[in-house]
Structure formats: structure tokens, C-alpha cells
Amino acid sequence: MIHFILRRLGQSLLVLLVMSVLVFAGVYAIGDPIDILINPQADQMERERVSTALGLGEPLYKQYGLFLSHAVQGDLGNSFSYNVPALSLVFERLPATLELAVCAMLIAVLLGIPLGLWAGLRPRAFTARLIGGASILGFSLPTFWVGMLLIMFFAVQLGWLPSGGRGPTVDVLGVPVSFLSWEGLQHLALPALNLALFKLSLLIRLTRASTRDALQQDYVRTARAKGLKESRVVGVHVLRNIMLPIITVAGLEFGSLIAFAVVTETLFAWPGMGKLIIDAITMLDRPLILAYLLVTVLLFTAINLLTDLLYGVFDPRVRARLTA
Amino acid sequence: MRRIYWPLSCLLLLFPVLCLAASGRELRIGLSADVSSMDPHFAALASNVNISSHVFDTLTQVDADAKLIPWLAESWRTIDDTTWEFKLRRGVRFHDGSELTAEDVVFSLERPMTFNNRPSGFQSYVKSIVAKEIVDSHTLRLKTATPYALLPYELVSVFIVSRRAAEKAQAVDFDNGRAMVGSGPFRFARFLRGDRVELARNDQYWGPAPHWEHVSFRIVTSDPARIAGLLAGDFDVIDNVPPSDVARIGKDTRFALERKTSWRTIFYTMDQRGPPFENPTHDRRVRLALSKAIDRRVIAEKVMEGQAVPTANVVSPSVFGHVSTLAAEAYDPEGARKLLAEAGYAQGFALTVHAPNNRYVNDEQVAQAVAQMLSRVGVRTRVETLPLNIYFSKARAQEFPFAMLGWGSFSGNLALRSLLMTNDPSRGRGAWNWGRYSNPRFDELVAQSLQTLDASEREKLVHDAMRQAHADTAILPLYHQIAVWALRKDLAYTARTDEFTFAFDVRPR
């Protein structure tokens with residue numbers, strides 16, 4: 001078990017190293033951050049001064065060496081465009097994105113699996129067809145368009161919910177969260193729903209297909225032949241067996257929720273990490289890009305690890321292998 | 001029992017706060033550009049300056065028409081060619097109650113040059129000052145190395161901070177408000193990066209008291225989201241209304257629009273380097289032909305949907321140095337073809353039209369329209385648009401023969417110094433002269449105008465320089481942008497040439 005976790009951490013360290021080289025080369029290839037950062041009224045001498053102050057005049061390998069030597073001491077440098085430590089900027093925004101992603105994932109899982117199960121158990125029922133049809137719409141409509149519709153309907157026409165922003169937050173152990181106040185929840189509702197829609201549809205379709213597949217299997221027939229109650233057949237035998245692919249997909253999708261929340265965040269002016277990275281890229285803010293990617297890689301590693309551990313909960317065979 | 005009382009007492013405690021937030025006198029503004037820092041001397045971004053202008057004052061200021069006016073400095077005069085004396089307004093107090101004196105001013109003028117080892121975007125505005133002398137607590141003398149007429153204009157951009165509060169402050173201290181001690185009409189309340197800035201009225205303000213007790217600036221960079229916020233009633237005012245929404249909001253009886261010709265001029269630079277480079281645009285006739293081939297009226301009316309004014313000037317009408325007699329080049333495709341033939345390009349030539357795609361309003365569409373117009377007179381055009389981070393680096397390296405650029409300046413000769421003076425790094429001239437236009441007579445005129453302290457004489461020099469650049473077709477000015485604000489019908493705003501959105505200029509109708 002410990003072995004397994006350590007190996008995973010080692011792998012992610014390697015990923016981090018490769019990624020930092022790529023970012024350095026990539027930003028260097030795009031352009032000189034000076035041209036974006038500097039005051040247009042500045043003259044050539046001032047450009048030189050700024051370039052020297054940020055260490056951008058040095059050859060690339062020297063800049064990278066300097067970065068590495070600072071990074072191993074935990075210092076990723078100050079953001080070019082915000083003039084504060086890049087890592088603290090990312091952590092400032094991380095809670096907002098995580099909260100949004102967790103809420104979206106909860107909506108997707110808590111609605112998606114029951115709805116998919118329902119549709120898979122009674123494929124011919126009208127409700128099942130409705131769920132299937134709606135899920136097709138859900139993942140074929142583009143996020144930004146659905147988001148606009150949600151805003152136009154719930155905020156502009158009905159005026160029930162705010163059009164964007166995070167609203168007031170409540171501090172829990174120093175981390176600001178929205179879901180503990182009524183106004184915060186109102187602000188959270190639309191962006192979370194918008195972000196959840198695609199995943200929700202995906203989970204419905206996946207659960208429905210897996211359920212229909214499972215129902216054909218011998219063990220279900222056996223269970224029914226034994227005279228087990230339908231609730232036990234579905235709740236234990238079917239559900240347990242379809243959970244493995246669902247966990248895999250949900251884990252992967254949770255990662256992509258965090259990474260691709262940017263469209264929703266921009267549309268709803270949600271101050272999360274997605275907006276931060278887009279701004280960082282447009283400003284060629286290299287320290288910030290690196291800090292963001294570092295945190296994201298670690299986050300993905302953690303999610304994957306968690307997914308693998310969850311397999312063990314549902315599948316005794318995996319559990320045996322993990323503890324061995 | 002106690003458990004039930006807990007949330008109840010919380011609510012009761014919160015009640016006055018909620019009431020305060022809800023009671024009138026609160027202005028909610030939706031801004032289109034992100035604010036990167038609260039430190040007023042860090043980044044010279046318009047969005048940062050916009051917020052700083054509420055909390056801090058400057059020595060000089062410009063009014064809504066970009067005319068220089070006294071501010072913290074009640075008056076100024078030149079003692080000799082290189083010495084300026086500024087008289088400070090008396091009785092101005094910082095938010096912490098201390099009085100603003102010449103010491104704070106000197107500290108503020110020095111701070112950008114000694115800035116925590118980090119680059120400050122405000123060095124440009126103070127670097128001409130070589131010595132500072134405090135005559136008395138409210139009189140200050142500034143020396144420049146050479147006569148420099150634009151010092152009062154540049155001081156418009158330098159915020160005066162409290163020496164006591166800012167001396168040891170880091171960026172964090174500004175962001176969390178500890179060092180946000182200014183003398184402006186609003187006090188700092190809260191900064192949530194990427195989300196909002198909240199301000200409260202400074203009741204001890206020396207100038208006219210703002211109408212609003214509380215102001216919140218929300219950052220909403222997405223255009224549709226900002227518009228939706230206005231429509232949903234979440235904002236009272238929004239800036240930067242995109243041209244495509246102007247007509248629609250104009251028809252809505254709940255809202256009013258405020259417009260102003262902005263100081264931002266959009267133009268095309270042309271590569272004018274001679275042999276060994278093969279540049280058709282090295283020939284002035286070709287440059288003039290390109291200018292005649294562009295129908296600026298159509299661009300302003302159709303592509304910009306009326307939110308632009310065609311022009312032949314580098315600076316917009318209210319800015320110092322604008323030449324009102326220069327008319328926008330008339331659309332004349334026949335004349336353009338004739339000029340091209342004269343220059344030996346009867347068969348046209350190939351030209352790539354470059355533009356950024358995330359910088360100016362409708363920049364990409366304008367580039368496409370320009371390219372189409374040029375191809376009508378026989379120039380074989382190709383359009384290439386790039387995000388700003390790639391675009392500026394390449395343009396500065398002279399990789400573009402024909403490139404779009406936008407510029408705003410308080411004074412015409414400042415714009416000319418950066419844009420069109422012969423590129424000379426050692427003297428800080430022509431830093432943005434992408435096309436490498438160079439004319440010694442023009443350089444002389446601009447250089448003289450920068451040194452001429454007499455305003456009317458200076459204006460004449462700037463006008464002559466503008467006419468020279470026009471006669472040489474040094475760049476192709478297209479149009480001045482029109483800045484548009486949308487606000488609740490019962491509010492009024494004094495729209496500004498410099499595009500800033502000042503809460504103290506918003507008032508009930």
C-alpha cells in the first residue's frame with residue numbers, strides 16, 4: 001500500500017520536472033513577457049531595466065537553473081503581473097474552483113447514477129426515454145451557450161438568481177466557502193449546474209448502458225432465480241458491478257472539471273483558478289503558469305490515487321492486490 | 001435550546017450589516033478589465049489606475065476632456081528652464097488623519113524608482129526628474145536635466161501615497177489594505193483578487209463629496225456576462241459596452257448610454273526600411289495609395305457599428321496637439337490604383353495584414369475589412385491575427401510589414417515621441433516605431449516641442465510635427481474609438497476621454 005503511494009508520488013515528481021521544462025521552452029517560444037508587462041510609455045532603457053530585474057535577459061538555461069534552485073526550496077517566484085508569490089495566488093483561487101467542481105460533481109453523481117439506473121432498468125418506459133433524450137442534449141450543447149441561457153432565464157428574465165460572482169463567503173478553517181450561506185448558495189447554483197450538466201449526462205448514459213449490460217449477466221439471473229428481492233438484486237449485485245467503470249470515469253472527469261472550469265468561471269465571473277491560468281497565459285506570467293500547473297499535477301495525482309483506492313472498496317480482488 | 005439560538009443570534013448580529021449593505025447610496029459597477037494589484041505604483045494598467053484614482057490623489061489631473069487641471073497642486077510655475085515649483089493644496093488629510101505634505105509627495109515621486117527590486121510601470125513618469133527640493137511643507141521644486149514641458153502631464157499618472165504607511169509596505173500590504181492610505185474621495189474597504197474591489201466614502205475629502213457611501217467594482221471580463229449583469233439589475237453601471245450591444249441597450253427604457261470619443265486612436269504602421277529590404281511601403285506613393293484604398297467611413301459605421309470616428313490624426317480631438325484641419329483621407333480606389341502604377345506596382349504586390357485578436361474592440365474584423373479594401377486596388381492581401389502576447393513581441397522585432405496598433409496619450413508630442421521619432425534607444429525615442437519611419441525635420445520638431453514651456457508655441461510645434469507626419473504618410477490613422485458606458489436610467493455619468501470609470505462622477509439624474 002505505502003509502496004503503491006510512494007511510486008505514484010515519484011511518478012508525479014517526474015511529470016513535474018518535464019512539465020517545467022516544457023513551460024519554460026513554451027513561454028520562451030511565444031514571446032517576451034516584457035512586451036506585455038511594460039508600460040507602453042516606457043522607453044528602451046526602461047525596458048532593459050525591467051528585463052534585468054525579472055532576469056529575462058539571461059539565457060534560457062540559466063533562467064531555468066535559477067528557477068530550479070529556488071523551486072527546491074519551495075520558492076516558485078513572484079508572479080510577473082501581480083507582484084505577489086505565485087503559489088499563494090494559486091492557493092487563493094483554489095478553494096473557489098474546488099468548491100465549484102465538487103458541487104458540480106455532487107450534482108452529477110447524485111442525480112446521474114439514480115437517473116441512469118432508472119433508465120437502464122426500464123428501458124422502454126416513457127420516463128427512461130425522456131432521461132435518455134435529455135442526456136443527449138446535455139452533452140451536445142456547448143457549455144458557454146447553456147450558461148448564457150441559464151443567466152438569461154434565471155437571472156435576467158426571472159430575477160431569481162444572481163447573474164454571476166461568488167457572493168459572500170464564510171470562512172471554514174481559514175478557507176472561504178460559499179455553500180454555508182443562503183446568498184452564497186444562490187451564487188453557486190447556476191455555475192455549478194452549468195458545469196455539472198455535461199458530466200451529469202455522461203454519467204446517466206454510462207450508468208444506463210452498464211445497467212442494461214449487467215442485467216443480461218448470469219449472476220443477475222442467478223440472483224433472481226434464487227428469489228432475491230428486486231431491491232437486493234439491483235442495489236447489491238447490479239450496482240456494485242457497474243460502479244467500477246463509473247468510478248473510473250467520474251475520477252477522470254473530476255480532474256477535467258477542475259481543469260476546464262474556465263469557461264463557466266469566465267461566464268459567471270467566478271474567481272477561480274481557471275480564469276487565473278488564462279490570464280497568466282495571456283500575460284506570459286511564467287511563474288504563475290508554473291505554480292498553477294504544479295498544483296494541478298499534484299491534484300490530478302491525488303484524484304487518481306483516490307480513484308484507485310476506491311476500486312478497492314468496491315472490488316475485493318483489487319483490495320487483495322493493494323494490501324498484498 | 002442553546003443550539004437553536006445560535007443561528008438566530010448570528011442573524012441578529014448580521015442584521016445591521018445586511019441593512020447597511022442594502023440601504024441606498026451603494027453603487028455597483030461592472031468592470032471589463034481585471035485589477036492586478038492595489039499598489040498604486042506597480043502596474044500602469046488602466047484598470048489598476050482606475051481603482052487607485054478613487055483612493056489616491058495626484059498632483060495634477062486631467063478633466064473629462066483630457067485638459068490638464070490643478071489637483072493636489074493648486075498651481076505650478078517654472079522658476080527657470082529646468083526648475084518647476086508646485087504649490088500644494090493646504091489642509092488635505094490622508095485617510096489616517098495625518099496631513100499631506102511635500103515630504104509625502106517627494107516620497108511618492110521616488111517610490112517608483114526604488115521599487116522593492118520589482119519593476120514599476122510608473123518609472124516612465126518620474127524618470128525626467130533629476131532633483132527634488134522641499135521649499136516648505138507645501139511648496140516643492142522639481143528639476144529636470146533638460147527643459148521638459150510635459151512634466152505636469154506626466155505627474156497626472158503618479159499617485160501620492162502616505163509616506164508613513166507606504167515606506168515599508170510590500171505588495172501584500174496594499175492588497176490587504178494596511179498600506180492603502182491615500183487622500184482620495186474613497187477609502188479602501190476590501191480587495192478580492194479577480195472578483196471585486198470595495199470602497200467606502202471618505203467623509204473628510206477635500207473636494208466635492210461623492211454621492212455614494214459604498215462602491216463595489218466587480219470584475220466581469222466576459223462581455224455577455226457584464227451585459228447580463230446589467231440587465232439582471234446586478235450592476236448600476238458597466239464600462240466597455242461592446243458595439244454589437246449598444247443599439248439594443250439604447251432601446252431599453254431601463255438604461256441610458258454615455259459616450260465619449262476616446263483618446264485611443266487605431267492605426268496601421270508600415271515598414272519603411274529602405275534597401276536592402278524590399279519594401280513597397282518604403283515608397284511614400286504606395287503608403288498614400290494604401291491610405292486612399294481604405295474606406296474609413298465604412299469601417300467606422302459597419303465594422304465598428306458606429307462606435308468610431310474616422311480620422312487622419314494621431315491623437316483624438318480633445319487631446320493637446322490634435323490638428324482639426326487634417327481631414328480623414330477620402331476613399332479613392334481610382335487614385336490609389338494610379339499611385340500604385342506610378343510607383344511601379346501596377347500589378348499590385350503581396351502584403352500580410354497583421355492585427356492582434358484580443359486587444360482592441362473588433363480588432364480582428366477591422367483587419368479583415370482593411371485587407372479586403374486593399375485587395376480591391378490590387379494588393380494581394382493575407383490576414384494574420386495573433387493574441388497579444390505573441391503579437392507585440394513579433395511587431396517589435398519588425399516581423400510585420402503592416403501592423404495594427406492603438407495608442408492613447410494625454411499630449412500629442414508624447415505619442416509622437418514613442419510612435420514616430422527615429423528609433424534611438426539611447427535617447428528613449430521611437431520605442432514603438434515599428435515601421436521605422438524617420439525624418440530629421442520631424443524629429444527636430446517633436447524634440448523642440450518637448451522642451452518648449454510656452455503652451456501656444458508648443459502647440460504650434462506639435463501641429464507642425466503632426467502635419468509633417470501626415471505629409472509623409474508615416475502611419476495610417478484609421479479611427480478614434482468611442483468609449484461607451486451603460487447605466488441605470490436614473491443615473492448620469494460624465495463620460496471621459498481617458499475611458500476611466502470614476503464612481504465619484506456617477507450621480508443621480
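Visitor: At what angle do α7(A) and helix α8 of chain B pack?

Guide: This is a predicted model. In it, the axes of α7(A) and α8 (residues 223-231) of chain B lie 10 Å apart. The angle at which the two helices pack is about 10°.

Visitor: Is α7(A) roughly parallel or roughly antiparallel to α8(B)?

Guide: Angles under 35 degrees count as roughly parallel. The packing angle here is about 10°. Therefore α7(A) is, relative to α8(B), roughly parallel.

Visitor: How do the residues of the contact of α7(A) with α8(B) divide by class?

Guide: On the side of α7(A), the contact is made by A:Met148, A:Ile151, A:Met152, A:Ala155 and A:Val156. From α8(B) come B:Pro224, B:Ala228 and B:Leu231. The division is no polar, no charged and eight nonpolar.

Visitor: Which helix gives the largest share of the side of chain A that touches chain B?

Guide: In total, 44 residues of chain A are in contact with 44 residues of chain B. Several helices of chain A each supply at least two residues of this side, including α5 (86-121) and α7 (143-157). The largest share is six residues, and it comes from α3(A).

Visitor: Which strands are the edge strands of the open sheet in chain B?

Guide: Four strands form this sheet, in the order β5-β6-β8-β7, with antiparallel pairing. An edge strand here pairs on one side only. The edge strands are β5 (73-80) and β7 (129-136) of chain B.

Visitor: What is the bridge partner of B:Trp84 in β8(B)?

Guide: Strands β6 (residues 83-88) and β8 (residues 139-144) of chain B run antiparallel and are joined by five bridges. In β8(B), B:Trp84 has as its bridge partner B:Leu142.

Notes. Residues numbered from 1 in each chain as written. Chains lettered and ligands numbered in written order. Predicted model: local features only at pLDDT ≥ 70, side-chain atom pairs only at ≥ 80, totals over all residues. Contact = placed C-beta atoms within 7 Å. Axes fitted to C-alpha atoms, helices over the stretch in contact; angles between N-to-C directions. Parallel < 35°, antiparallel > 145°, perpendicular 65-115°, else oblique. Nonpolar A, V, L, I, M, F, W, Y, C, P; charged D, E, K, R; others polar. Pairing = 2+ DSSP bridges.
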